[in-house]
Amino acid sequence: MSSKKSAQAEPVVEIHPLLAPIYFELDQLYAAAKIEADGYWRDLDRHQKKYKNRVETWWKHSVRVRKARVTDGRSLSIEWSYNIFVGEKGERRPISKYIKRGHTPKYPQSRFARAMDNELVRIMEAEELFGPIRQRADCLHKARRHILAYLKHEGMAPYDEIEIKSRARTSSDSSEAI
């Protein structure tokens, strides 16, 4: 019994050269946001361990950074949620409720009215970084839409966004019949 994997078609993604710098910058923004979010989670974890027996002093907010691949392009979102802890002592679990940001790039401080003082300070520190990241990501999404419109106008289809080609890597591809 051999351990060779069966040869299957692997999709190869080709991105138009005009879109590549936009996607590169979005990846950089995601990395910066993820580092800040991870810092918030470390601080939250440190706080929860310090006050593990007093649930009422736990921080109630959490942050999520997502990079999603959707049909209309790459999406970067940085969202906050409010947590309500339910269950018996020792088996508490959070139920999260999304906090709406509004039309501004940064969450206003009023959205975190239920936060404790030290939690609010940490959230506002994170928002100082997240706000400009959201603005830059929004500009990149607008630029991407304009480039796609240009490509369609110039008849450079099939670039809806990317062109996917399947290449089968089999032995039959490399050896043609003579």
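This is a predicted model: local features need pLDDT of at least 70, side-chain atom pairs count only at pLDDT 80 or more; totals for chains, interfaces and linings use all residues.
Let's start with the rings. A pair of aromatic rings is described by how far apart the centres are and by the angle between the planes. The structure holds 5 aromatic pairs. Take Tyr40 and Trp41: their ring centres are 6.5 Å apart and their planes meet at 80°, so this pair counts as edge-to-face. The two residues sit next to each other in number, but what about their surroundings? Tyr40 has 0% relative accessibility, so it counts as buried. Trp41 comes in at 37%, so it is partly exposed.

Tyr40 has another ring partner, Trp80. Here the centres are 5.1 Å apart with the planes at 90°, so this pair is edge-to-face too. It links distant parts of the chain, as Tyr40 belongs to helix α1 (residues 20–50) and Trp80 to strand β3 (residues 73–86), 40 residues apart. Both Tyr40 and Trp80 are buried. If you follow the ring pairs onward, you get a cluster made of Tyr40, Trp41, Trp80, Tyr107, Phe112 and Phe130.

The charged end of Arg114 sits over the ring of Tyr82, 3.8 Å from the ring centre.

Now for the charges. Side chains of opposite charge can pair when their charged atoms come close. There are 12 salt bridges in the structure. Back in helix α1, Asp43 and Arg46 are 3 residues apart, which means about one helical turn separates them. They form a salt bridge, and their closest N and O atoms are 3.0 Å apart. Arg46 counts as exposed because its relative accessibility is 53%, and the cut-off is over 50%.

As for accessibility, Arg66 is partly exposed at 35%, and Arg64 is partly exposed at 43%. Glu79 has a relative accessible area of 16%, so it counts as buried.

Finally, salt bridges that share partners join Glu36, Asp43, Arg46, Arg122 and Glu125 into one network.

Methods
Residues are numbered from 1 along each chain as its sequence is written. Side-chain values use heavy atoms; hydrogens and water are left out. Rings of Phe, Tyr and Trp (its six-membered ring) pair if their centres lie within 6.5 Å; planes under 30 degrees apart count as stacked, over 60 as edge-to-face and the rest as tilted. Buried means under 20% relative accessible area, exposed over 50%, partly exposed in between (1.4 Å probe, protein chains only). Helices (H or I, at least four residues) and strands (E, at least two) are DSSP runs, numbered from the N terminus. A charge sits over a ring if NZ of Lys or CZ of Arg is within 6 Å of the ring centre and within 35 degrees of the ring normal. A salt bridge is a side-chain nitrogen of Lys or Arg within 4 Å of a carboxyl oxygen of Asp or Glu.
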